[in-house]
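Hi,

Here is the structure I promised to pass on to you. Have a look at it first, and then read my notes below.

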Amino acid sequence: ACMEAVVELEHRGAAAAEAAPALRNALNHTYQWVRVYAARALWKATADADAVLPVLLAELRCRPTGLLAAECLGEMGRHARNAVPALRRVIDSETRLVEIGSHTDWIDSDEGFSDAARAALARIEADGGR
């Protein structure tokens with residue numbers, strides 16, 4: 001139920017601003033999906049980069065929630081400039097960053113994650129967040 005609620009709030013964007021206190025609480029949820037969707041929803045509702053950046057950076061790992069975190073960092077543009085070093089580490093890594101999945105999917109997963117980090121970095125830099 002919590003997961004469905006934060007996803008719905010993300011879709012509402014700025015109209016979900018009244019739910020900001022609940023979204024802030026959800027940033028500490030035990031389930032990673034709830035944390036990431038809460039961060040995305042809070043960003044879209046309030047543009048509070050200080051609240052969401054720590055969560056997005058903590059989830060910037062090569063797994064499905066990491067792709068969503070990278071996407072949100074890109075959407076934040078210059079407001080995510082503090083994420084630039086972490087994104088560069090992902091892009092420049094010479095080792096595979098995959099944490100889950102079968103070995104047959106590792107290369108595709110790793111390259112997809114690197115591509116997501118590269119796209120986020122490009123959006124941040126294009127918005128003046130070097």
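C72 is buried, with a relative accessible area of 0%, while C2 is partly exposed at 34%. Here buried means under 20% relative accessible area, exposed means over 50%, and partly exposed lies in between (1.4 Å probe, protein chains only). The structure has zero disulfides, a disulfide being a pair of cysteine sulfur atoms within 2.5 Å.

Please keep in mind that this is a predicted model, where local features need pLDDT of at least 70, side-chain atom pairs count only at pLDDT 80 or more, and totals for chains, interfaces and linings use all residues. Residues are numbered from 1 along each chain as its sequence is written, and side-chain values use heavy atoms, with hydrogens and water left out.

Helices are DSSP runs of H or I, at least four residues long, numbered from the N terminus.

Leaving aside neighbours within four places in sequence, M76 is in contact (heavy atoms within 4.5 Å) with W43, A49, V52, L53, L56 and D127.

Helix 6 (residues 84-92) is worth a look too: V84, A86, L87, V90 and I91 are its buried residues. They lie on the same side of the helix because they cover an arc of only 165° around the axis, taken from the directions from the helix axis to the C-beta atoms. R89 and D92, on the other side of helix 6, are exposed.

Enjoy exploring!

Conventions:
Helix = DSSP H or I, 4+ residues; strand = E, 2+ residues; numbered from the N terminus.
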